[in-house]
Amino acid sequence: MSEVGERLSVLGVPVDLVEDYTQCLISRLQESQGGHVVTLNAEMTMQAETNPELARIVENAELVVPDGAGVVLYLRLRGRKVKRCPGIELAERTIERSSTLATSQSIFLYGGQPGVAQTAARNLQQRYPDIASAGVQHGYLSPDEALELQNTLKELQPSLILVGLGVPRQEFWIAEHRHLCPNSLWIGVGGSFDIWAGVKTRAPAWLGNLHLEWAYRLYQEPWRWRRMLALPKFALKALAQQ
């Protein structure tokens, strides 16, 4: 159950309303509270509807952020003025602000294709020279390498662990392994490493303002069209509840 802000429901899936999500995470880092941060969009909401284990993980997360435009529009249709908080922006703002804290906050990146997370970490280091990098690991590991990663995390105890394995795999992985670093802040960041590494680009701001980032992502990744079918289903359910 969330310990911050007001918790609302989007088609039965929780989302937390917080005045400043970045400050919320910075406060948790400073107090070594840790926790699982879920960035909720319409696609994940629909997956949770048919996947009880995913629904349970989201319910138990310490913070569920309104990442997707569909989630924001759903709440606005019900009279709640909510500002969208894209996960990639939240993660980067948290990295930036954590680098200015008096106590060192180490960061670990896990996920993505081989080489991508390394390039993302290097680019972030150039952008924010004061961040403390605890380590990097790509998401294509053998069983022995996966065990080695677990031992590394247990030994290092990074302050902030960003997991880019895609939804829902990253949520399952965090829920399974967060006990290794109980005071760490774990955030599922999807394809953020690709953006930070320069492998892919984000949608132009004007598309984001029109809540059409999904269309740009589909343009870049046409293989996602089956997953995108969740969006009209979400919209129909949202309108049916009006």
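Me: What makes β7 and β8 a pair in this predicted model?
Reply: Bridges do. β7 and β8 are joined by 4 of them, and the two strands run parallel. At least two bridges are needed for strands to pair. The 4 bridges meet that, so β7 and β8 count as paired.

Me: What makes β3 and β4 a pair?
Reply: They share 4 bridges, in the parallel sense. With at least two required, β3 and β4 therefore pair. In this pairing, Val-38 has Val-64 of β4 as its bridge partner.

Me: What makes both faces of β8 covered?
Reply: Burial on each side. Leu-185 and Ile-187 are on one side, Trp-186 and Gly-188 on the other, and all are buried.

Me: Why is helix α1 called largely enclosed?
Reply: Of its 10 residues, 21-30, 7 are buried, so the rest of the structure largely encloses α1. The buried ones are Tyr-21, Thr-22, Cys-24, Leu-25, Ile-26, Arg-28 and Leu-29.

Me: What covers the buried residues of α1?
Reply: The cover includes strands β2, β3, β4, β7 and β8, along with α5.

Me: How do you know that α3 and α8 are in contact?
Reply: Contact means heavy atoms within 4.5 Å. Glu-53, Leu-54 and Ile-57 of α3 meet Glu-171, Phe-172 and Ala-175 of α8. The contact residues divide into 4 nonpolar, no polar and 2 charged.

Me: What is the geometry of the α3 and α8 packing?
Reply: The angle is about 65° and the axes are 10 Å apart. The crossing is left-handed.

Me: Why is the contact of Glu-92 with Arg-127 called a salt bridge?
Reply: The closest N and O atoms are 2.8 Å apart. The limit is within 4 Å, so Glu-92 and Arg-127 form a salt bridge. Glu-92 lies in α5 and Arg-127 in α6, so the pair ties together parts 35 residues apart in sequence.

Me: Are Glu-92 and Arg-127 buried or partly exposed?
Reply: Glu-92 has 16% relative accessibility. Buried means under 20%, so Glu-92 is buried. Arg-127 has 41%, which makes it partly exposed.

Me: Why does the pair Lys-200 and Asp-194 count as a salt bridge?
Reply: Their closest N and O atoms are 3.8 Å apart. That is within 4 Å, so the pair counts. Lys-200 is partly exposed at 27%. Asp-194 is buried at 17%.

Me: What makes Asp-16 buried?
Reply: Its relative accessibility is 0%, and buried means under 20%, so Asp-16 counts as buried. The side chain of Asp-16 also meets that of Arg-7 in a salt bridge, at 2.8 Å from N to O. The structure holds 7 salt bridges.

Me: What makes the backbone at Leu-11 stand out?
Reply: Most residues other than glycine have a negative phi. Leu-11 is not a glycine, yet its phi is positive, about 50°. Leu-11 sits in the loop between β1 and β2. At 14% relative accessibility, Leu-11 counts as buried.

Me: Where does Gln-157 lie, and what is its phi?
Reply: Gln-157 is in the loop between α7 and β7. Its phi is near 50°, a positive value. Gln-157 is partly exposed, at 32%.

Me: How do you know that the peptide bond from Val-167 to Pro-168 is cis?
Reply: Look at omega. It is near 5° for this bond, which is cis. Most peptide bonds are trans. Pro-168 is in the loop between β7 and α8.

Note on methods: Residues numbered from 1 in each chain as written. Predicted model: local features only at pLDDT ≥ 70, side-chain atom pairs only at ≥ 80, totals over all residues. Heavy atoms only, no water. Axes fitted to C-alpha atoms, helices over the stretch in contact; angles between N-to-C directions. Left-handed = near helix turned anticlockwise from the far one by under 90°. Nonpolar A, V, L, I, M, F, W, Y, C, P; charged D, E, K, R; others polar. Buried < 20%, exposed > 50% of the residue type's maximum accessible area, 1.4 Å probe, protein only.
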